[in-house]
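Here is a short tour for anyone who likes to look at side chains up close. Have the viewer ready and follow along.

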Amino acid sequence: MNSNLKYLRTINFQSVRSFVLDNKLGAGDLLYFSNEDFSNLIEEYRSLYNSGMPTPYYILGVEIEESLEIPKGRVKVKPTDLE
């Protein structure tokens, strides 16, 4: 399966969690975000939990990373290669 670029209206912890669940993503899948969206997710985590987010960064078992190639408001999905 090829990587996909998806649009999310708002990128925050809730929308990413919903995206992971709706798309049945799991361990081994990767989500890439723009630098700005990624930084905002990390800051939201710090604000919610009053601590730094452990690295590597995971949401519901799906690793998240930043990429210079991803435009703001988009997420690139790299699914587990099961073939």
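## Aromatic pairs

Rings of Phe, Tyr and Trp, the last by its six-membered ring, count as a pair if their centres lie within 6.5 Å; planes under 30 degrees apart make the pair stacked, over 60 edge-to-face, and the rest tilted. In this predicted model, a search of the whole structure turns up three aromatic pairs. One of them joins F13 and Y45, with 5.8 Å from centre to centre and 40° between the planes, a tilted arrangement. Because F13 sits in helix 1 (residues 13-22) and Y45 in helix 2, this pair ties together parts that are 32 residues apart in sequence.

Both F13 and Y45 are buried. Y45 also pairs with Y49: the ring centres are 4.7 Å apart and the planes meet at 45°, so this pair is tilted. Y45 and Y49 both belong to helix 2, where they are four residues apart, about one turn of the helix. Why does Y45 count as buried? Its relative accessible area is 17%, and the cut-off for buried is under 20%. Taken together, F13, Y45 and Y49 make up one aromatic cluster.

F13 brings us to helix 1, whose buried residues are F13, S15, V16, F19 and V20. These residues span an arc of only 165° around the axis, so they lie on the same side of helix 1. Turned away from that buried side is a face with the exposed residues Q14, L21 and D22.

What packs over the buried residues of helix 1? The cover includes helix 2 along with strand 1 (4-7), strand 2, strand 3 (58-59), strand 4 (62-66) and strand 5 (74-78).

The two ends of helix 1 are worth a look as well. At its start, a side-chain oxygen of N12 comes to within 3.1 Å of the backbone nitrogen of Q14. After helix 1 comes K24, which has a positive phi near 50°.

Where does S34 lie? S34 is found in the loop between strand 2 (30-33) and helix 2 (35-49). Is S34 buried or exposed? With a relative accessibility of 5%, S34 counts as buried.

The side chain of S34 reaches the backbone nitrogen of D37 at 3.1 Å. Leaving aside residues up to four places away in sequence, S34 touches E66, S67, I70, P71 and K72.

Methods. Residues are numbered from 1 along each chain as its sequence is written. This is a predicted model: local features need pLDDT of at least 70, side-chain atom pairs count only at pLDDT 80 or more; totals for chains, interfaces and linings use all residues. Side-chain values use heavy atoms; hydrogens and water are left out. Buried means under 20% relative accessible area, exposed over 50%, partly exposed in between (1.4 Å probe, protein chains only). A polar contact is a pair of N or O atoms within 3.5 Å; within protein, one must be able to donate a hydrogen and the other to accept it, and residues adjacent in sequence count only if both atoms are side-chain atoms. Contact means heavy atoms within 4.5 Å. The arc is that of the directions from the helix axis to the C-beta atoms.
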